[in-house]
Structure formats: structure tokens, C-alpha cells
Amino acid sequence: MLVLSVLSHIATVDHLKQAGLSLSVLAQFFKLGHQPDITTFATVINAILLQTSSNPNVSNVEDVLKLFHEMLHSRPLPSVVPFNQILTQLVRLKHYSTVVYLNRQMVLTGIAPDVCTLNIIINCFCHLNLIGFSSSLLGQFFKRGLQPDVCTFNTLINGFVLENRVVEALLLFTKMVEAGHFKPIVVTFSTLIKGFCMMGNNTAAMQLLTKMEERGCQPEPNVVAYSTIIHSLLKDTLYVDAMKLFLEMISRGIVADVVTYNSLIHGVCNVGQWKEATMLLNEMLSKGIFPDVPTFNVLVDNLCKEGMVVEAKSVVEIMIQRGAEPNWITYMLTLVIRGISS
DNA sequence: TTAGGGTTAG
């Protein structure tokens, strides 16, 4: 009880440092062999969400649009770089159509897109499932005397993968590499690995991971490449294979991050290994890896499945109270909770 | 000096 009251205090006093402190106290909790209860988790969530809301990269669309229009009307006109930064921010907020519209306004005002701008627009079309538009945008490169780069091809390959057109993604990859138009990098391979995983072909994904090394891919396979396959294996409930790959990754000195742990925690919860999930959470905290909103969504979901409805509900309420932007999964979980409670 | 890849439900 003493630890709990300390946690409550430190989480409400300040944001960043205290959130970290709360987590280390939580890690101590695990080390001492105690299972933290929901109040403990709730206190830590409070601290984390306060930290998230103070993050300058988290911004709302209205502010970004206001800044865009101020820049568009200022004279002399700023260079294309700050405009690209604004578009990037909107892409992060998943406002793809808005980005396409704003780019049109930029062109009409006389701001010439560079390679980076065109890559951003291609990416938006890909996320809008309009890869046909993206391909035709390649003409813009030549019209403006620009050369598509490795990022352009990676984005297009990802576009095909997003539309489940993995064969076409592979064709584009092979054609462009053989023609010497680009040298694939770790992002290219990770994108193709994701494609194979989406097709349910984990074997091909693993083979590609090996092939990356044979080809002397620089940089070498990283946490994203490994996490993609780990996630896919867990999705197929191949828990042993996933853990084997996870250990291989660690032994190679590749550091797992919050996404890797979220996948692992989710995967082990799905096969009913709550104890294993707690251990992974413990491991994550002891390594100083910060849980994020998806981590808590997984926890809320599993609290529901365990019948701990009141606790799950309070986690969601705290998230909303703290100004975190619950995503549609959180909303869905809320509906589930309401359904169970009624 | 801006762009591209991995996680959360059912």
C-alpha cells in the first residue's frame, strides 16, 4: 500500500521525470514478486499520458492547417522544406486527402515540389488505396527534372503491399533492382517481408531475412524486420517460433522496442499466457522501454477477457480524462465494456 | 535537411 501511495503522488506532481520514476517503481514491484493491481497500472498510465500530451510532435490538425496558411501567405515565400515538414505532420495524423489538397495549393502558389514532396504525395495516394495515381505521379518527376530515389521505390512497393498486391510489389522490386535504378535497403526488405507475412507465408519472410544478409544489405536486418515476422508468427499462434526469433534478434544485439513488446504481449495473451505477458511487461519496464497507448489497449482488452470489467473501464476513463487520443480500438473496447456491464 | 517499413480488435 505504501508503494501505491508513493506512485499516486509522483504521477500527479510532474510529467516526464515522474512518469519514468513511476515506471521504475513499477519495475521494482515486479522484481519483488508482486503482481501490480489495476490502481498501480492506472497511476502509471496517468503519468505516461501526461508525458504524451506534452510532446511537441503531438499536434492537432487545426494548428497545423493554420500554420500552413500563414506560411502560404507570407512573403517572401518560405522554401519547400518547411512545407514538406507540415505535410509530414499531417501524414502522421493520417490526413492523407488533406495533404494531397494542400500540395495542390502549394503548386498553385508557385512552390515547386521537390523529390521529398512527391514522395510524400505518392505515400498519401498509396494509403488512400489509389496506387494508380501514385504511378502516374512518376511522370511529375521527369517533367520537373527530378530523379525518383530509393524512398520513391520503397513507397511504391509499400503501396502494392498495402493493396495486397504482393506479386506486383515483387515485380517492381526485381525490375528496378535489375535495371540498376535503385539499391534496396533495410526498409525495402522490411516492406517485402510485411508483404509475405500478409500472404501468410512466414517461411518466405524468414528466407528474405536471410537473403538480406547474403546480399550484404546495409544496414543489416533491424528491429522492424524482425518484429514484422515475430508478429506474423504470433498471429498464427506459433509462439515457440516467435520466441526463438525474438531470442535470435536479441543475441544479435538488436534492441527490442515498444512495438516488439506490444506484439509479444498481445501474442501471449491470445494463447492465454497471462503470466508470460506479465513477465514480458516486467522485462520491458526493466529495460526502460515505455508502454504506450497500444500497450494499454492490449491490457484493457485482456482485462475484459479476464472479466475484470470495472478495472478495464477505469483504464479507458483515465486515458480519456488525460487527453490522450483514444483510437477506434479504444472506442470499440469501450463498447465491449458497456456491453458487458449492462 | 523535410520523405519510405513493424504493434493494439474480431
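Guide: Before we start, a quick definition: helices here are DSSP runs of H or I, at least four residues, and they are numbered from the N terminus. Also keep in mind that this is a predicted model.

Visitor: Okay. Where does proline 76 sit, then?

Guide: Proline 76 is in the loop that runs between helix 4 (61-73) and helix 5.

Visitor: What kind of peptide bond joins it to arginine 75?

Guide: The bond joining arginine 75 and proline 76 is a cis peptide bond, and its omega is about 0°.

Visitor: Let's zoom out. How many helices and strands does chain A have?

Guide: Chain A has 19 helices and zero strands.

Visitor: And what share of the residues is buried?

Guide: Of the 342 residues in chain A, 34% are buried.

Visitor: Let's pick Ile229. What is it in contact with?

Guide: Skipping neighbours within four places in sequence, isoleucine 229 is in contact with Ile193, Cys197, Asn202, Ala205, Met206, Leu209 and Leu245. You'll also find Ile229 in the contact between two helices: Asn202, Ala205, Met206 and Leu209 in helix 12 meet Ala225, Ile229, Ser232 and Leu233 in helix 13.

Visitor: How many of those residues are nonpolar, polar or charged?

Guide: The contact of helix 12 with helix 13 splits into six nonpolar residues, two polar and no charged.

Visitor: And how do those two helices line up, parallel or antiparallel?

Guide: The axes of helix 12 (residues 202-214) and helix 13 (residues 223-235) cross at roughly 160° and come within 10 Å. Angles over 145 degrees count as roughly antiparallel, so helix 12 is roughly antiparallel to helix 13. The crossing of helix 12 past helix 13 is left-handed.

Visitor: What about helix 5 and helix 7, what's the angle there?

Guide: Helix 5 (residues 80-92) packs on helix 7 at an angle of about 20°, and their axes are 10 Å apart. Angles under 35 degrees count as roughly parallel, so helix 5 and helix 7 are roughly parallel to each other. Helix 5 passes helix 7 in a left-handed crossing.

Visitor: Which residues meet there?

Guide: On the helix 5 side, Val80, Asn84, Leu87, Thr88 and Val91 meet Cys116, Thr117, Ile120, Asn123 and Cys124 in helix 7. By class, the contact of helix 5 with helix 7 has six nonpolar residues, four polar and no charged.

Visitor: Now leucine 90. Buried or exposed?

Guide: Leucine 90, in helix 5, has 21 C-beta neighbours inside 10 Å, so it counts as buried. The cut-off for buried is 20 or more.

Visitor: What does leucine 90 touch?

Guide: Leaving out neighbours within four places in sequence, leucine 90 is in contact with Val64, His95, Thr98 and Val99. There's also valine 61: it is 29 residues from leucine 90 in sequence, and the two are 7.1 Å apart in space, C-alpha to C-alpha.

Visitor: One last thing: what is the phi of lysine 94?

Guide: Lysine 94 has a positive phi of about 65°, although it is not a glycine. Lysine 94 lies in the loop between helix 5 and helix 6 (96-109), and it counts as exposed because it has 11 C-beta neighbours inside 10 Å.

Visitor: And what about asparagine 129, what's its phi?

Guide: Asparagine 129 has a positive phi near 55°, and this residue is not glycine either. Asparagine 129 is in the loop between helix 7 and helix 8 (131-143). With 11 other C-beta atoms within 10 Å, asparagine 129 is exposed.

How values were computed
Residues numbered from 1 in each chain as written. Chains lettered and ligands numbered in written order. Predicted model: local features only at pLDDT ≥ 70, side-chain atom pairs only at ≥ 80, totals over all residues. Contact = placed C-beta atoms within 7 Å. Axes fitted to C-alpha atoms, helices over the stretch in contact; angles between N-to-C directions. Parallel < 35°, antiparallel > 145°, perpendicular 65-115°, else oblique. Left-handed = near helix turned anticlockwise from the far one by under 90°. Nonpolar A, V, L, I, M, F, W, Y, C, P; charged D, E, K, R; others polar. Buried ≥ 20, exposed ≤ 12 C-beta atoms within 10 Å, placed from the backbone.
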